[in-house]
Amino acid sequence: MFTERVLRKGLKTKTFGNKIFTFQSIDSTNNCAKAVANIGAAEGVVVIAEEQTAGKGRLGRSWQANPEENLTFSIVLRPKISPEAVNLLPLYVAVAVAQAIERATALKVECKWPNDLLIGKRKVAGILIEGSIQQGILEYVVVGLGINVNQTKFPSDLMQKATSLKLETGQEIDRVQLFRHILSSFESSYTNSLRNGFESTIPTWLTRSTMLNKPIVVSQQGNIINGVVKGLSKDGGIVLQTNGSEKTLFAGDVTIVGDAADQIAALKNEPVAAFAVTNP
Amino acid sequence: MDIEYVTKLIELVSESKVDEIEIEEDGKKIRIAKTHQSAAAPTQTVYQVAPPQNSLPQPSVMPVAPVSQTQAPAVPAAQPAPAATGPKFHEVKSPIVGTFYRSPAPEAPAFVQVGGTVQKGSVLCIVEAMKLMNEIESDVAGKIVEIKVENGQPVEYDQVLFLIEPA
């Protein structure tokens with residue numbers, strides 16, 4: 001099991017990870033991080049667990065990960081930005097985590113809108129960000145990360161859609177070292193983005209995406225929109241060319257037409273943004 | 001919510017300047033509070049589990065049939081006020097463009113119902129944008145008079161979501 005002492009040893013960050021709550025088993029690291037944020041936990045507080053008994057994705061979808069093989073943790077952030085600027089956070093977090101994984105493993109990580117991380121079309125990490133807004137002011141956000149590190153066996157329905165760092169590199173990855181890499185990479189890009197604005201994420205995100213000029217299908221609460229990806233708007237929405245007009249979307253489950261893993265998901269009528277995430 | 005989680009929360013509250021926290025999850029509510037009996041008494045941590053607030057049967061949807069003006073509503077508190085406008089009610093607006101959700105998950109109970117009371121800081125709904133789930137908190141204590149948006153619908157910036165009658 002992780003201990004705070006081991007995780008913090010050699011961690012070269014200013015605030016991220018100054019306090020780390022470690023658990024062998026917890027319902028969800030995001031729930032705990034929200035609870036501590038609600039009672040005033042400082043920016044950079046981390047909650048990490050070997051096992052989540054109710055690990056979650058969006059809208060009640062569950063997140064499954066074998067204990068002792070992966071990384072599941074949440075960070076409390078208190079960025080002093082407007083709620084609209086928060087829209088860029090999912091893109092920013094995806095890029096920051098992709099960079100950290102690349103530095104630690106030399107793998108190439110792709111971004112899929114808005115916040116999925118893929119290696120060779122398969123999902124390697126999931127991100128769930130939850131914020132709290134009162135009177136139009138963002139009080140905090142909790143960034144939850146689930147990274148498939150050394151897990152090599154997935155349930156059969158996820159085998160086509162999921163991968164792990166071990167499956168991709170053929171090597172066991174040191175989870176503690178990876179955790180430190182992510183925290184320090186994340187903190188340095190976060191500090192830069194607070195100074196320069198999160199807009200600088202957009203060009204970086206685009207260079208990591210293979211979605212440009214590809215046809216996609218977006219499902220929004222049962223409403224289906226087809227289009228070709230033309231880029232991102234300045235506030236992070238995906239710009240689609242649909243029937244001669246341009247449309248900017250801020251929500252929906254995205255299926256890239258022509259991607260095998262996505263098509264399998266589409267056939268099964270499952271949201272692709274939810275690999276390793278299953279509907280209960 | 002397991003015992004290790006609760007124990008750490010108690011530890012955290014004991015060490016912090018906060019006197020009380022309340023967490024609601026999966027219908028279970030936990031309140032952890034420091035009690036100050038007297039100046040001489042040591043700080044004591046109290047741990048309570050309360051039954052879910054919304055265990056009483058409540059209509060989950062607004063009535064479809066129009067209520068006759070002459071007929072007194074049987075359960076006034078649970079009816080949406082027909083003329084819920086004007087300065088009397090506090091408006092809670094959407095701070096962002098996104099999708100409105102009344103509950104944390106499709107099967108989960110709604111955060112609030114018409115007629116229910118809320119405290120300042122109670123979570124009213126989630127507005128999702130870019131897969132970021134933003135919990136919108138009430139900025140007043142009072143009673144929910146009207147919920148202006150259907151679950152799962154898109155909302156615009158500054159769109160009124162709730163009308164609350166301040167306590």
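The stops below begin with a whole chain, continue with its strands and end in the core.

Before selecting anything, note that this is a predicted model, in which local features need pLDDT of at least 70 and side-chain atom pairs count only at pLDDT 80 or more, while totals for chains, interfaces and linings use all residues. Residues are numbered from 1 along each chain as its sequence is written, chains are lettered from A and ligands numbered from 1 in the order in which they are written, and side-chain values use heavy atoms, with hydrogens and water left out.

Select chain B, whose secondary structure comes to one helix and 11 strands; helices (H or I, at least four residues) and strands (E, at least two) are DSSP runs, numbered from the N terminus. Of the 167 residues in chain B, 38% are buried, where buried means under 20% relative accessible area, exposed over 50% and partly exposed in between, with a 1.4 Å probe and protein chains only.

Next, select strand 8 of chain B, residues 132-137, in which six of six residues are buried. B:Leu132, B:Asn134 and B:Ile136 point one way from this strand, whereas B:Met133, B:Glu135 and B:Glu137 point the other way.

Which strands join strand 8 of chain B through six bridges each? Strand 7 of chain A (residues 122-134) runs parallel to it, and strand 7 of chain B (residues 123-129) runs antiparallel to it; two strands pair if DSSP finds at least two bridges between them. On the chain A side, A:Gln134 stands opposite B:Glu137, while within chain B the bridge partner of B:Leu132 is B:Ala129. The hairpin of strands 7 and 8 of chain B has two residues between the strands, and B:Met130 there takes a positive phi near 55°.

Now move to the open sheet of four strands in chain B, which has the order 4-11-9-6 and antiparallel pairing. Its edge strands, strand 4 (90-93) and strand 6 (117-118), each pair on one side only. Strand 9 (residues 142-147) and strand 11 (residues 160-166) of chain B are joined by five bridges, with B:Gly142 opposite B:Pro166.

Finally, select A:Leu71, A:Phe73, A:Leu165 and B:Phe162, which touch the most other members of the largest nonpolar core, a group of 87 residues. Such a core is a set of buried Ala, Val, Leu, Ile, Met, Phe, Trp, Tyr and Cys residues joined through side-chain atoms within 4.5 Å. Helix 3 of chain A (residues 89-105) gives this core its largest share, 11 residues.
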